[in-house]
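Student: Could you show me how to read a sheet and the residues around it, one feature at a time?

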Amino acid sequence: MNRRQRPYAVLAALLLFAAAAGCSATESGDGPDDGDGDIPAPAASGTGPAPPAPAASGDARRAGGPHWQPRPGLRWQWQLDGKVDTSVGVPVYDIDGFENSARTVKELHDRGAKVICYVNAGAWEDFRADQKAFPKRLLGERNKGWKGEKWLDIRRLDELRPIMAARFDMCREKGFDAVEPDLTEGYRNRTGFPLSAEDQLAFNRMLARLAHDRGMAVGLKNDLDQIPALVGDFDFAVNEQCAEFEECEKLTPFVKSGKAVFHVEYALEPKEFCATAQRLGLSSMRKKLELDAWREPCG
């Protein structure tokens with residue numbers, strides 16, 4: 001199951017495209033990972049693999065020690081559906097934090113890869129192990145196009161901070177090097193709450209601090225209009241479809257700061273976006289909408 005944000009109309013169009021065109025897999029998974037997917041309860045209040053780098057110790061992570069800084073041009077794999085294919089041979093993986101175990105993270109580390117922990121930060125999901133931790137008053141409108149999701153009232157930092165901290169603790173304890181919090185531009189959507197750009201900046205910066213306090217890097221997901229204000233708070237960016245919507249130039253502050261931009265397209269062929277992506281220093285590939293193991297990278 002895919003846990004990403006896209007405007008509903010665009011999603012519908014892309015689903016029609018995918019159904020009509022289809023993609024032939026070159027790399028595939030075969031079923032769910034059977035590792036530990038639980039989370040602790042929240043408190044009451046490029047070419048082939050990079051050489052292994054020493055991971056921060058548990059004590060260093062708890063103390064907010066040095067964290068990984070991905071540089072522009074790193075090849076990557078993004079897989080949120082199916083058992084993770086650990087044999088792709090890229091230096092960066094982005095996988096679901098709940099659905100993958102510490103064993104999977106260790107296997108990727110043993111292959112020389114850094115591993116990013118995907119978590120949904122801006123919406124509640126009814127299928128997550130910690131779904132009862134969210135007060136009902138924080139749940140807003142349904143996130144259209146994504147079954148079982150409702151937008152969160154991100155203004156309530158006091159209530160969301162311990163829940164997100166527990167999720168990030170899960171990522172840290174499983175050995176992840178970084179976090180990719182999703183749905184970090186709720187202020188531009190119909191959430192059921194009067195969210196402002198300032199509310200979004202405060203929430204996103206809270207997420208960045210939570211990751212850094214645990215010795216992990218953190219990526220800004222989409223939220224292109226706030227990049228100038230947030231590039232200093234985040235260590236890399238994750239973007240969907242900037243080429244399709246002619247917005248990739250907005251990501252250049254990350255590259256100019258020596259920070260990676262991990263980018264995917266769904267509808268465009270590599271020949272339609274790779275030249276631009278490589279000129280801008282993006283780490284780009286084509287993926288299927290479901291984000292299984294299949295990938296078609298640039299270069």
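**Reading the sheet**

Tutor: Ala 178 has Ala 217, in strand 8, as its bridge partner. This is a predicted model, in which local features need pLDDT of at least 70 and side-chain atom pairs count only at pLDDT 80 or more, while totals for chains, interfaces and linings use all residues. Residues are numbered from 1 along each chain as its sequence is written, and side-chain values use heavy atoms, with hydrogens and water left out.

Student: How many bridges join strand 7 to strand 8?

Tutor: Strands of a sheet pair through backbone hydrogen bonds, either parallel or antiparallel. Here two bridges join strand 7 (residues 178–182) to strand 8, and these strands run parallel; two strands pair if DSSP finds at least two bridges between them. Strands (E, at least two residues) and helices (H or I, at least four) are DSSP runs, numbered from the N terminus.

Student: In what order do the nine strands of the open sheet come?

Tutor: The order is 1-2-3-7-8-9-10-11-12, with mixed pairing. Strand 1 (76–79) and strand 12 (296–297) stand at the edges with a single partner strand each, so one side of each has no neighbour in the sheet.

Student: Is Asn 222 buried or exposed?

Tutor: Buried means under 20% relative accessible area, exposed over 50%, and partly exposed in between (1.4 Å probe, protein chains only). Asn 222 counts as buried because its relative accessibility is 9%. Asn 222 lies in the loop between strand 8 (217–221) and helix 6 (227–230), and its side chain reaches the backbone nitrogen of Glu 240 at 3.0 Å.

Technical notes. A polar contact is a pair of N or O atoms within 3.5 Å; within protein, one must be able to donate a hydrogen and the other to accept it, and residues adjacent in sequence count only if both atoms are side-chain atoms.
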